[in-house]
Amino acid sequence: MKPSRLRWIAAPATLLLSACTHPTKYSWGDYDKALYSYYQSDGNAADYQKALESAMQGAESTQKLVAPGLYAEYGYLLMQQKQNAQAVTYFEKEKQAWPESARFMEAMMKTASNAATPVASSTTSDMVSTATPTGAAP
């Protein structure tokens, strides 16, 4: 086959095949860029949080699935900011959207709920007395 004929066949074939891309199943928004920026800027949580909010709102408004882990990631950010009740809400959303994450999300909800209650402080002597091996003299 002559090179000129090959070009006439290859060009339309390329155009047809490039039109066959699959739509994305999940809506990630700008998650990847925001995550990279978050790690590069020593944890600028406010910008990262806004990007996660935008990604979730974008997915919900277009009726696409929120990407796996976005609700959980947002909930974890809220938990770091001591907004544990709101964090539990987003862990619950992650659990509903992705049932395979149920065990992990239940553990995160338990952690967030326990973090809301004050933990009794223990003194160093309490820790030493409980750390003494059985049968050993204190």
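1. Rings of Phe, Tyr and Trp count as a pair if their centres lie within 6.5 Å. Keep that cut-off in mind for the cluster here. Ring pairs link W28, Y31, Y38, Y39 and Y48 into a cluster. The model is predicted. A search of the whole structure finds seven aromatic pairs.

2. Start with the overall build. The chain holds seven helices and two strands. Read from the N terminus, the order is α-β-α-α-β-α-α-α-α. The chain has 138 residues, and 24% of them are buried. Its accessible surface is about 10,300 Å². Carbon and sulfur atoms account for 59% of that surface. Now take the contacts between residues at least 6 apart in sequence: 50% of them join residues at least 24 apart.

3. The mean pLDDT of the chain is 79. A score of at least 70 is reached by 67% of the residues. Which helix has the highest confidence, and which the lowest? Helix α5 is highest, at 97, while helix α7 (residues 124-131) is lowest, with a mean of 42. Over residues 119-133, pLDDT stays under 50. For that stretch the model has two contacts beyond four places in sequence. Read that part with caution.

4. Helix α2 covers residues 31-40, and its buried residues are Y31, A34 and Y38. Why do these line one face of the helix? Seen down the axis of α2, the buried residues fall within an arc of 65 degrees, so they share one face. The other side of α2 carries exposed residues: D32, K33, Y36, Y39 and Q40. What do the buried residues of α2 pack against? They pack against α3 (45-61) and α4 (70-80). After α2 comes D42, with a positive phi near 55 degrees.

5. A pair of aromatic rings is described by the distance of the centres and the angle of the planes. Y38 and Y48 are stacked, at 4.5 Å centre to centre and 15 degrees between the planes. Y38 sits in helix α2 and Y48 in helix α3, ten residues apart, and the pair links distant parts of the chain.

6. A second pair shows another geometry. The ring centres of Y74 and Y90 are 4.6 Å apart and the planes stand at 70 degrees, so this pair is edge-to-face. Y74 is in helix α4 and Y90 in helix α5 (residues 84-97). They are 16 residues apart, and the pair links distant parts of the chain. Both Y74 and Y90 are buried.

7. Finish with a strand residue. S27 lies in strand β1 (residues 26-27). Why is S27 called buried? Its relative accessible area is 13%, and buried means under 20%, so S27 qualifies. Which residues does S27 touch, leaving aside neighbours within four places in sequence? The contacts are A55, G58, A59, K64, L65, V66, A67 and L70.

Notes: Residues are numbered from 1 along each chain as its sequence is written. This is a predicted model: local features need pLDDT of at least 70, side-chain atom pairs count only at pLDDT 80 or more; totals for chains, interfaces and linings use all residues. Side-chain values use heavy atoms; hydrogens and water are left out. Helices (H or I, at least four residues) and strands (E, at least two) are DSSP runs, numbered from the N terminus. Buried means under 20% relative accessible area, exposed over 50%, partly exposed in between (1.4 Å probe, protein chains only). Contact means heavy atoms within 4.5 Å. Accessible areas come from the Shrake-Rupley method with a 1.4 Å probe; for residues, only the protein chains shown count as cover. The arc is that of the directions from the helix axis to the C-beta atoms. Rings of Phe, Tyr and Trp (its six-membered ring) pair if their centres lie within 6.5 Å; planes under 30 degrees apart count as stacked, over 60 as edge-to-face and the rest as tilted. pLDDT is the predictor's confidence in each residue, from 0 to 100.
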